[in-house]
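Work through the exercises below with the structure open. Each task is followed by a solution in steps.

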Amino acid sequence: MTLQGSLTHEEYCAQLLAETGGLRDIVRTADLSATVPTCPDWTLADLARHVGGAHRWVGTIVATRAAKSVDPADVPEGAGPEGEDAAALDAWLAAGVEQTVAVLREAGPDTEVWSWTTAQNTGFWARRMTHETVVHRADAALTAGVPFDVPAPVAADCLEEWLQIGELPMVAARFAEHGAGLRGPGRTIHVHATDAPPGVAAEWLLDLTGEAPTHRHTHEKAAVALRGPLTEVLQVLYRRLPADSDRVEVLGERALLDQWLTYASFG
């Protein structure tokens, strides 16, 4: 399985800055002690530290051209400032993402570095950190009760990456071991973003009939269909919005969709 994105390396870098900017807007104004509903072990301050720590971790991997995983304890300023001072957290988030984007831009997409996937290059990390920040900005927006939206090409690529991750060898092996109840004839899920603009591929068929999950872009009848605006569909698949929300539509075997969402939570 190739982890191939639809944006350029520079587009990922620019969007990573923009997504972090949106998160910082929330951090500056919201209650940092509030519990994150979709990550109930975290406060909003914890969420900000998680995102900023991930940025700095990846920045260290890229800057050092790491050939193996980096211990988070070895990442400079990786834990973030103590306490819940909004200005301190905001400044730390800004500095970390700017450093990481700078080293990603300097390296370009094809420099060889370690990753936990088959894609051992810097391009993987630019894409992964963009989408990591998208999903956690959704968490922050939900916590703060503010609107959340994502540019269509970014949201579609985030969904495509989610499906690609499900086909990676280490994930497919887990499916082979624990996904017996999901597999079988006719076990297919159609995902359809109804508001995608021309040129943005935002319709997929997830096929669970074989030993490993596969997906393809197509308009095809399936056992169950999830339909709705692109940002809402993204949130459902990442379990940031319940599938019974009135903002999306589920047609067909709802139990299959629920079973897949319970099994395949990557974010």
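Predicted model: local features only at pLDDT ≥ 70, side-chain atom pairs only at ≥ 80, totals over all residues.

**Exercise 1.** Determine the strand order of the five-stranded open sheet and state which strands lie at its edges.

Solution. 
- Step 1: The five strands are arranged in the order E5-E4-E3-E6-E7, and the sheet is open.
- Step 2: Strand E5 (214-217) and strand E7 (249-252) are the edge strands, since each of the two pairs on one side only.
- Step 3: Ignoring direction, neighbouring strands of this sheet are turned against each other by 15° on average.
- Step 4: The pairing is mixed; Exercise 2 takes up individual pairs.

**Exercise 2.** Explain why E4 is described as largely enclosed, and identify a helix lying across it.

Solution. 
- Step 1: The criterion for a buried residue is a relative accessible area under 20%.
- Step 2: Five of the five residues of E4 are buried, so the strand is largely enclosed by the rest of the structure.
- Step 3: Sorting these residues by face puts Glu203, Leu205 and Asp207 on one side, and Trp204 and Leu206 on the other; both faces are covered.
- Step 4: Helix H5 (residues 152-165) lies across E4 (203-207) and E5, at about 10° to E4.
- Step 5: Helix H7 (residues 230-237) also packs on the sheet, where it touches E3 and E6. The direction of H7 makes about 135° with that of E6.

**Exercise 3.** Locate threonine 100, classify it as buried or exposed, and list its contacts beyond four places in sequence.

Solution. 
- Step 1: Threonine 100 belongs to helix H3 (residues 86-107).
- Step 2: The relative accessibility of threonine 100 is 1%, so it counts as buried.
- Step 3: With neighbours within four places in sequence left aside, threonine 100 is in contact with His55, Arg56, Val58 and Gly59.

Note on methods
Residues numbered from 1 in each chain as written. Heavy atoms only, no water. Pairing = 2+ DSSP bridges. Helix = DSSP H or I, 4+ residues; strand = E, 2+ residues; numbered from the N terminus. Axes fitted to C-alpha atoms, helices over the stretch in contact; angles between N-to-C directions. Contact = heavy atoms within 4.5 Å. Buried < 20%, exposed > 50% of the residue type's maximum accessible area, 1.4 Å probe, protein only.
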